[in-house]
Amino acid sequence: MKGNFPVEKFKEMTTPFYYYDTDLLRATLREINAEAGKYEGYCVHYAVKANANPKVLNVISQAGLGADCVSGGEIKRALDMGFPANKIVYAGVGKSDWEINLGLDKDIFCFNVESIPELEVINELAARKGKIARVAFRINPNVGAHTHANITTGLAENKFGIAMEDMERVIELSRQMPNVKFVGLHFHIGSQILDMGDFVALCNRINELQTQLESHHIQVENINVGGGLGIDYHHPNRVPVPDFKSYFATYARHLKLRKGQTLHFELGRAVVAQCGSLITRVLYVKRGAFKQFAIVDAGMTDLIRPALYQAYHKIENISNDEENDTYDVVGPICESSDVFAKAVDLNCCHRGDLLAIRSAGAYGEIMASQYNCRQLPQGLTQEDLA
Ligand SMILES: *Cc1c(COP(=O)(O)O)cnc(C)c1O
C-alpha cells in the first residue's frame, strides 16, 4: 500500500521539497484533543523544535495546543503563529540572557530551569524588570528509554536537568529568591519511545518524588512529563496516527496527580512526523557489480535523520507500479553517510521518477542545512498544491 499523493501536481514542482498532508495533521490533532480531553487538567504543548514550518504551526495553534520552546527564536516563532504566551513553556540547558528577557517580557507560562546558575540569572533578570518568573525544575529522573542512544535524555549521564538528589535544595533555594516562583517539576526522558513501560517508569519515579516532597511540606502546582511518544516509521499508511489513547491512559493509570494539579505534555514527533514526506526525483540509476543505486536529488542536507541516527524511513516510488527491484537510495552530498536506505525494494526506478521518503514531518525540514551550498528544501502543504 502506498500513500496518497497528488503526483500530477508534484511533477510540475522543483524537487526536493517537503509535502505536508494537513488533513492527516488535523486528524492527528483531533485525536490528541479527544484523548487528552478525557482527563481533567491535561494540557498538551507542541514541541516546536520538531517542525517550525509556519503553515504547520498555524494548524497546530488553531487546534488549541500550547507550545514547548527550546530557544528564543522558537518563542518568537510560536507567538507569531498564534500560540498564546500563557501556553508557552521554555526549556533548554543553555538559555542566553536575551532569551530569558524575551520570555519575561512576553510573560510566558513557565521557564523549565536546568541548573542553579541558570536559576540565579533568571532571578536577577526578572528583578531588573520588577517581575516574578514562574519556574519549573527539570529533574533528571535517571529513567532510561528504549530508544536510540543519541535521543535518550533522562539518564544521570545525560547533560539535561537537575539531579534528583539536588531537587529539594534547589526548590528551597528558589523560595529564598524574591523574583522567581516555583510552580512545577519537569521531566523528559527521550524520543521515539514506543514501550509504554518507559512512561510507567517515569510515572513511578514522579510518584516517589512527590511523596518525598510532601513529607517536607512542599506542594507542586503542575507536573510536566515532556514528550517522546514514538511513531511507526515502518507503517506510515497502516498507522498514520500514533496511539494517543494508550499514551494518555498510561499517565492516567500510573501517575498520581494531586488535587488541582495540572499535567503538561510536550509532544513533537507524534504530532507531525506522519503528515510529512520528503519528495525527491531520481537523477540516475547506477548499476554496480553487486548492487544498484538510485541517486536522488535530496540529500542528508534535506533530511539528516538516516545519517545522524541511522533512522529508518519508508521509501516509495510514487511514479509507477512496475515490479520491484532492489536499490540503495543515496543523495548527491559529498559524504559517505548520505544514504537514505540500503537494499530496499522499490517499484523499478527510472530517471525522473518521484520518490516519497515517508514519516519525515518531524526533525526533517527544520534540521535542513545548506552544506555544499545547497538550497533549503521548500515546505508545501496540501492547500498550497490545491
Ligand atoms: C525534544 C523535546 C520534546 C519533544 O520530543 P518528541 O520526542 O519529539 O516528542 C519535548 N520536551 C523537550 C524538553 C524536548 O527537548
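Biologist: Asp 302: buried or exposed?

Modeller: Asp 302 is buried, because its relative accessible area is 1%. Buried means under 20% relative accessible area, exposed means over 50%, and partly exposed is in between, with a 1.4 Å probe and protein chains only. This is a predicted model, where local features need pLDDT of at least 70 and side-chain atom pairs count only at pLDDT 80 or more, while totals for chains, interfaces and linings use all residues. Residues are numbered from 1 along each chain as its sequence is written, and side-chain values use heavy atoms, with hydrogens and water left out.

Biologist: OK. Which side chain meets Asp 302 in a salt bridge?

Modeller: That of Arg 374, at 2.8 Å from N to O. Asp 302 is in the loop between β12 (292-296) and α11 (305-309), and Arg 374 is in the loop between β16 and β17, so this pair links distant parts of the chain, 72 residues apart. Arg 374 counts as buried, because its relative accessibility is 17%. A salt bridge here is a side-chain nitrogen of Lys or Arg within 4 Å of a carboxyl oxygen of Asp or Glu. Helices (H or I, at least four residues) and strands (E, at least two) are DSSP runs, numbered from the N terminus.

Biologist: How many salt bridges does that rule give?

Modeller: The count comes to 16. One of them joins the side chains of Glu 221 and Lys 181, at 2.8 Å from N to O. Glu 221 is in the loop between α8 (196-215) and β9 (222-224), Lys 181 is in strand β8 (residues 180-186), and the two are 40 residues apart.

Biologist: Are those two buried or partly exposed?

Modeller: Glu 221 counts as partly exposed, because its relative accessibility is 41%. Lys 181 is partly exposed too, with a relative accessible area of 40%.

Biologist: And what does Asp 107 meet?

Modeller: Its side chain meets that of Lys 131 in a salt bridge of 3.5 Å, N to O. Asp 107 lies in the loop between α5 (97-105) and β5 (110-113) and Lys 131 in the loop between α6 (116-128) and β6 (133-140), so the pair ties together parts that are 24 residues apart in sequence. Asp 107 is partly exposed at 42% relative accessibility, and Lys 131 at 21%.

Biologist: New topic, the ligand. What surrounds it?

Modeller: There are 14 residues around the ligand, and the closest are Lys 49, Ser 191, Glu 266, Arg 269 and Tyr 363. A residue is near a molecule if one of its heavy atoms lies within 4 Å of it.

Biologist: How far is the ligand from the side chain of Ser 191?

Modeller: An N or O atom in that side chain is 2.3 Å from an oxygen atom of the ligand. A polar backbone atom of Gly 268 is 3.0 Å from a ligand oxygen. For Asp 68, a polar side-chain atom lies 3.2 Å from a ligand nitrogen.

Biologist: How much of the ligand does the protein bury?

Modeller: Taken alone, the ligand exposes 390 Å², and the protein buries 94% of that. Accessible areas come from the Shrake-Rupley method with a 1.4 Å probe; for residues, only the protein chains shown count as cover.

Biologist: Last one. Where is Met 367?

Modeller: Met 367 is in the loop between β16 (354-357) and β17 (378-381). Met 367 counts as partly exposed, because its relative accessibility is 31%.

How values were computed. Polar contact = N/O pair within 3.5 Å; in protein donor to acceptor, adjacent residues only side chain to side chain.
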